[in-house]
Each structure stands twice: as C-alpha cells, then as structure tokens.
Amino acid sequence: MALTFPIYLDYHATTPVDPRVLEAMLPYFTSRFGNAASRSHKYGWDADKAVEKGRQQVAALVSGTAGEIVFTSGASESNNLAIKGAVGATAGRPAHVITTRIEHKSVLDSCKRLEQQGVRVTYLPVDASGRVDPADVERAIGDDTVLVSVMAANNEIGAVQPLAEIGAITRARGVLLHTDAAQAAGKVPVDVRAMNIDLLSCTAHKMYGPKGIGALYIRKRTPRLQLTPLIDGGGHERGFRSGTLNVPGIVGFGRAAEINGEEMSAESARLSAMRDRLYEGLCAVLPGCVGLNGSFDRRLPHNLSVHFRGVEGESILMAIDDVALSSGSACSSGSIEPSYVLKACGIGDDLALSSIRFGLGRFTTDEEVDYAIDKVGKVIAHLRAGHAAARGARAVRA
Ligand SMILES: *Cc1c(COP(=O)(O)O)cnc(C)c1O
C-alpha cells in the first residue's frame with residue numbers, strides 16, 4: 001500500500017475517528033438531533049436512548065455500571081471535577097491530596113489551584129521506570145487525606161501504575177482513589193471494581209472517538225460519594241455536570257469504547273510487537289546512540305520513548321518533516337524545557353532534551369514503522385556528524 005504523508009506516529013496526542021465510530025455518530029447530527037433532556041417527544045426519547053446506550057458502553061470498558069458515568073467535555077474537565085469536586089465537598093475542613101510528579105497538567109494544575117486555597121498536596125516521586133511505589137502512597141496518607149490521584153498510564157513514557165495495589169491501600173484507609181485513565185482506557189485492562197477505583201477520567205479522542213467528549217466514572221456507594229460540581233445549571237448528569245448533552249459525541253464515545261474493548265487484546269499484541277520492532281530497528285541503524293526512557297515492563301503496548309545521545313530532540317523534530325512525532329506531551333510541545341515527566345524519572349536535562357516519543361496506533365502499518373526507522377536513523381546520523389564536526393573545529397581552534 002502507498003504511504004500517506006506525513007506518517008502519523010503521535011497517537012498519544014490524539015487519534016483519528018474510526019470510520020465505524022463516525023458512521024454511528026452521523027444520524028445524531030441530522031435526523032436524530034433531539035435534546036436528550038426533552039421528555040415530551042420522540043426526538044428527545046431517541047436522543048436519550050442513544051445517550052444511555054453510550055453510557056452503558058463506556059461503563060463496560062472499565063467494568064463500571066451505566067449509572068456511574070457522568071459525561072464531560074474530556075479528561076481535563078473530568079480531572080478538574082474529580083479533584084476540585086472531592087475537595088470542595090469537604091466543606092472547608094482541612095484537606096490533603098496525594099498525587100504524583102508525572103501527572104497530566106490538568107491534574108497538577110488543579111492541585112496547584114487547591115494549594116493556593118490552603119489545601120495540602122503531596123507530589124509523590126516515581127522510580128526510573130516512571131512508577132509510584134504503593135508504600136509511598138501508604139506513608140503519605142494522613143488523617144486529613146481526602147483523595148489520592150494517580151494516573152493509570154503516563155502519556156509520555158507509557159508507564160502503567162500499580163493501581164490495584166494502590167486501590168487496596170486507599171480502600172483500607174477510607175480515602176478516595178481517582179485515576180486519570182485517558183491513556184490507559186481501551187489500551188490496557190482497567191477494572192474499577194477489582195482495582196477499588198472511586199473516580200476515573202477518560203476521553204474519547206484518545207481511543208478513536210471524537211474530540212470534546214469525555215467521562216468521569218463516579219463510584220456508586222453508600223454514603224453517596226460527594227463532589228461539588230464545576231458547572232451548575234439544569235442539573236444534568238445527576239447534578240454533577242449541567243449542560244445539554246453532546247449526543248453525537250456520546251454515541252461516538254460509546255461505539256469507540258465498545259470497539260476498544262473487543263479488540264484490546266489482539267491490538268495490544270500487534271502494537272507491542274510493532275513497537276519492539278521499531279525500537280530494535282532504531283538501535284540497529286544507530287548503534288550505541290539509542291536509550292530507552294522508562295522500562296518495557298508494564299508499559300503501554302503502543303508507546304516508545306527514547307533518547308538519542310548527542311543530539312537535541314527539537315532539532316530532530318525540525319529535521320523530520322514527513323513523520324508526525326513529538327518530543328513529549330502535546331500540551332508542553334513548543335517549549336524547549338526538558339520534560340518534567342522525564343526529569344521525574346531521573347533522566348538528565350541533556351538526555352531529556354534529546355528524547356522523542358513515538359505513539360503507534362490502530363492505523364499504523366509495518367511499512368510506516370520501517371519508513372520511520374529509516375528516516376529517524378538518517379536524520380540522527382546527519383545531526384551527530386554535524387555535532388562531531390563542530391566539536392572537531394572547536395578542538396582545532398583551541
Ligand atoms: C490527553 C490527556 C488528558 C486530557 O484529555 P482531554 O480530553 O484532551 O482534555 C488528560 N490526561 C492524560 C493522561 C492525557 O493523555
């Protein structure tokens with residue numbers, strides 16, 4: 001098959017809408033355009049039925065029930081609602097939140113906002129593979145701890161966290177556990193019951209659904225889990241999130257979640273084999289130059305983050321015009337600061353700055369991976385030759 005350029009290897013930033021998802025969505029823009037809150041006619045009833053089906057499909061992906069899903073605009077909003085909402089519901093009592101240094105900005109900045117309001121926040125370190133030690137979570141829990149927020153999988157280095165172990169601790173200590181599963185949901189098994197997760201954020205556009213629709217799973221339990229809403233209004237979504245529901249988005253999210261659930265194990269095997277081939281290919285064309293960020297153990301199957309000794313990530317990306325890649329998270333790309341995620345994993349500034357993240361996905365082919373190996377290999381060899389020449393010239397002048 002002919003290659004289409006630029007080749008997309010940035011699936012952690014976003015994914016294209018699967019044609020099966022688009023097909024499911026289309027009628028809900030036109031003939032079935034009803035407001036799901038309209039109770040007096042068929043347009044409303046049809047929309048409501050579609051929303052409830054989507055709720056069921058999203059819930060099933062994480063082993064929750066439909067009544068535990070609240071639709072939002074995406075994982076950023078879900079993270080804000082979970083963290084600010086849980087602390088808000090403590091009604092001014094001293095509150096403590098535990099999170100990690102490698103969370104998405106929507107978690108870290110929500111925590112920073114709370115700190116300005118007097119909330120105590122602990123940012124746990126991670127090891128070289130990007131994982132949190134559950135014993136650190138246990139030690140950090142105090143009498144005032146309201147919430148522990150640990151991402152299910154990291155968007156830069158793909159580290160999958162030991163959530164079941166952490167969930168056993170938070171449940172025993174009576175503390176809420178929130179997880180940002182934007183990267184994990186649909187890619188690796190996430191089970192809110194088995195893992196004792198109380199709150200879970202996910203988003204459609206990281207799993208071949210549309211942008212602008214996400215969900216917060218809110219465990220049903222007694223006494224009811226309290227969250228202060230961010231958006232007040234008509235009382236939609238059991239009062240947790242007012243606003244007319246994005247019906248086509250929810251239909252697409254539901255179908256996307258269903259497909260991810262069905263194809264997860266086969267797709268995971270296909271992508272991890274492709275990812276390993278990419279890594280081995282890069283090592284073969286650039287001997288002694290490529291280093292893995294993080295570890296292959298408990299890593300998202302479609303993630304590869306590597307550093308290239310002796311070159312800069314941004315200059316690599318500038319030199320590669322036909323493969324869409326990123327030096328780190330999309331949210332901080334454009335800045336030349338070394339990634340806070342890589343730094344937290346103990347990777348020095350130089351190697352962090354020479355890092356590239358590859359994100360493979362549903363539509364990635366072997367031919368595309370081969371092209372990327374060849375292209376990246378040539379560009380890096382060229383840049384390294386340039387650096388070596390510059391060093392040589394400096395040495396001669398000195
Ligand atoms: C993409 C992403 C988000 C943000 O999701 P949006 O739906 O774009 O708001 C949050 N957390 C992680 C880990 C992500 O990868």
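Strands are DSSP runs of E with at least two residues, helices are runs of H or I with at least four, and both are numbered from the N terminus. F5 and P6 are joined by a cis peptide bond, with omega at about -10°. The structure is a predicted model, in which local features need pLDDT of at least 70, side-chain atom pairs count only at pLDDT 80 or more, and totals for chains, interfaces and linings use all residues. Residues are numbered from 1 along each chain as its sequence is written, and side-chain values use heavy atoms, with hydrogens and water left out.

Two further backbone features concern phi. Most residues other than glycine have a negative phi, and most peptide bonds are trans. A91 has a positive phi, near 55°, although this residue is not glycine. A91 sits in the loop between α3 and β3 (96-100). Its relative accessibility is 65%, so A91 counts as exposed. The classes are buried (under 20% relative accessible area), exposed (over 50%) and partly exposed (in between), with a 1.4 Å probe and protein chains only. R298 also has a positive phi, near 50°. This residue belongs to the loop between β9 (290-292) and β10 (303-308). R298 is partly exposed, at 42% relative accessible area.

The ligand is surrounded by 13 residues. The closest are S76, D180, Q183, T203 and K206. By class, the shell holds three nonpolar, eight polar and two charged residues. Here Ala, Val, Leu, Ile, Met, Phe, Trp, Tyr, Cys and Pro count as nonpolar, Asp, Glu, Lys and Arg as charged, and the others, Gly among them, as polar. Helix α3 (residues 75-88) supplies the largest share of the shell, three residues.

Polar contacts (pairs of N or O atoms within 3.5 Å) were examined next; within protein, one atom must be able to donate a hydrogen and the other to accept it, and residues adjacent in sequence count only if both atoms are side-chain atoms. An N or O atom in the side chain of S76 lies 2.7 Å from a ligand oxygen. For the side chain of Q183, the distance from an N or O atom to an oxygen of the ligand is 2.7 Å. For T203, a side-chain N or O atom is 2.7 Å from a ligand oxygen. On its own the ligand has 390 Å² of accessible area, and the protein covers 87% of it. Accessible areas come from the Shrake-Rupley method with a 1.4 Å probe; for residues, only the protein chains shown count as cover.

L26 is in the loop between α1 (19-25) and α2 (42-61). Its relative accessible area is 44%, so L26 is partly exposed. L114, by contrast, counts as buried, at 4% relative accessibility. L114 is part of helix α4 (residues 105-116).

Side chains of opposite charge can pair when their charged atoms come close. A salt bridge is a side-chain nitrogen of Lys or Arg within 4 Å of a carboxyl oxygen of Asp or Glu. By this rule there are 26 salt bridges. One of them joins D18 and R362, at 2.8 Å from N to O. This pair links distant parts of the chain, 344 residues apart: D18 is in the loop between β1 and α1, and R362 in the loop between β12 (355-359) and α11 (366-397). Both residues, D18 and R362, are buried.

D144 and R120 form another salt bridge, at 3.0 Å from N to O. D144 lies in the loop between α5 (134-140) and β5 (145-149) and R120 in strand β4 (residues 120-124), so the pair ties together parts 24 residues apart in sequence. D144 is partly exposed, at 22% relative accessible area. R120 also counts as partly exposed, at 41%.

R139 and D136 are bridged at 2.7 Å, N to O. Both lie in helix α5, three residues apart, about one turn of the helix. R139 is exposed, at 61% relative accessible area, whereas D136 is partly exposed, at 21%. Salt bridges with shared partners also join D18, R20, E263 and R362 into one network.

Methods: Near = heavy atom within 4 Å.
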